[in-house]
Amino acid sequence: MDKNINEIQKERAILVGVNSQKNSTSADAEASLAELERLADTAGAQSVAVVLQNLPAIKTATYVGEGKVEEIKQACEHLDADVVIFDDELTGSQVRNLEQLIGVKILDRTTLILDIFAARAQTKEGKIQVELAQLRYRLPRLSGMGASLSRLGGGIGTRGPGETKLESDRRHIRKRIGYLESELQKIKKHRNLLRSRREKEGIPVCALVGYTNAGKSSLLNALTGADVLAEDRLFATLDPTIRNITLTDMRDVLLVDTVGFIRKLPHHLIQAFKSTLEEAVLADVLLYVVDAASEEIEQQIQVVSDILKQLGAGNKPVIMVYNKIDLKKDDMRLPPAEIAGAGVEVSAHTGQGLDQLIKVMEEMIPGKKRKVAVCIPYHAGHIVSQLYQEADILEERHTEEGTKMQIMADGVVFGKIREYIVESGE
Ligand SMILES: Nc1nc2c(ncn2[C@@H]2O[C@H](COP(=O)(O)OP(=O)(O)OP(=O)(O)O)[C@@H](O)[C@H]2O)c(=O)[nH]1
Ligand SMILES: [Mg+2]
């Protein structure tokens, strides 16, 4: 697949971002643009210039202001650029207007990400999911686009479903979307079957989730001795890989590697990849992998947490895994625990902290019940009813501080009530 990217001669790209200051700071806009540069590089383009415009509101017709359009046009001529990539989603008419005014191919961040996914997808399911996302994104942007794209040539943004298909009418595309959806449904049935077999066998599942390039695949390899592709590239992993790991108490656990997240992850992509991402939603415990050496650590945690919430996995028991601790500078602070929850510092490269991680996993993963004493303050009464459903209650007393209980429960329950545990037994 990567060969596909390398074979194409590097396109010269100008990157354009806007800082609208509505819900982002200029540091955010700059970090997002730096990421766009990495995405462009991953897609096989060479960035020759980066333009950031401060703009109170996006222009409906051309996204950036008139003067900026002229500036970009001149930069394209001077720098011999083949493509201009905008750091946000553009509407169909914005693309058309900009192409007419500037005279080179116009792409947006979403198209770029979809393009990378198209080049990376390996399995049948992955390929269908990407094509679905691409078609759904292109459908409302279709009219007139075929003509301008064929005038401006192929390359990035035109991979995946062929242009001839896109030039044909919308009905054709809708039919194709319908067909892909039904194929995906079949694969999903098969996946559900496998999952229910796994559940019957009672093997707990841990999913590795996190920002792209955080080191999820490297951790999977370090923990299981597997040989999953880990690369210093965005979106190295698209299809979920599952490996077995045996804990020191001899319990088997399945570890699932998943696709990485990124800010402004296209909505259509999340929708299309829902069944793949369900591996994370349905896992018993999430290993939430964070690149501890990244300067963007807090923003990345924010993005990942938001996407997990969107997927319905916001309340899963989580182990924060601060990876790449070997690269962390001494003066760099990890986010305070109240934002992110307790965490383990590890390095997939040196192996540092992996023993500790396995210990925490043993504690959190369901299957091993332990007796603990808890004290639930009266304002958290819902926790008591929750415990009645999810744990065995051995004893219950009402005291001044709250309801004191002796319970037998497993790691999943502990994950939810950690703050109320007063005494932990074996
Ligand atoms: N120094 C150092 N580098 C690491 C560590 N873990 C991973 N890396 C590097 O970080 C890069 C990304 O690692 P991957 O394991 O591919 O990351 P990922 O989270 O699976 O990324 P995607 O699949 O793209 O979402 C690779 O170049 C790894 O070699 C670590 O503990 N220390
Ligand atoms: Mg990976």
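## Packing of α5 against α6

In this predicted model, helix α5 passes α6 in a left-handed crossing. The two helices, α5 and α6 (residues 124–138), pack at an angle of about 155 degrees, with 9 Å between their axes. Because angles over 145 degrees count as roughly antiparallel, that value makes α5 roughly antiparallel to α6. On the α5 side the contact involves T110, L114, F117 and A118, which meet V130, A133, Q134 and Y137 of α6.

## Packing of α2 against α5

Helix α2 (residues 26–42) also packs with α5, here at an angle of about 40 degrees and with the axes 9 Å apart, so that α2 is oblique to α5. This crossing, too, is left-handed. The residues that make the contact are L36, L39, A40 and T42 from α2, together with R109, L112, I113 and I116 from α5.

## The nonpolar cores

The largest nonpolar core comprises 89 residues, of which V84, Y288 and V321 touch the most other members. Helix α5 (residues 109–120) is the element that gives the most to this core, contributing seven residues, and the core draws at least three residues from each of domain 1 (2–167) and domain 2 (202–364).

When neighbours within four places in sequence are left aside, the contacts of Y288 are V209, G210, V304, V318, I319, M320 and V321. Another core, of 10 residues, lies apart from the largest one, and its members include I407, A409, V413 and F414.

Terms used
Residues numbered from 1 in each chain as written. Chains lettered and ligands numbered in written order. Predicted model: local features only at pLDDT ≥ 70, side-chain atom pairs only at ≥ 80, totals over all residues. Core = buried A, V, L, I, M, F, W, Y, C linked by C-beta atoms within 7 Å. Buried ≥ 20, exposed ≤ 12 C-beta atoms within 10 Å, placed from the backbone. Helix = DSSP H or I, 4+ residues; strand = E, 2+ residues; numbered from the N terminus. Domains from an automatic or database assignment. Contact = placed C-beta atoms within 7 Å. Axes fitted to C-alpha atoms, helices over the stretch in contact; angles between N-to-C directions. Parallel < 35°, antiparallel > 145°, perpendicular 65-115°, else oblique. Left-handed = near helix turned anticlockwise from the far one by under 90°.
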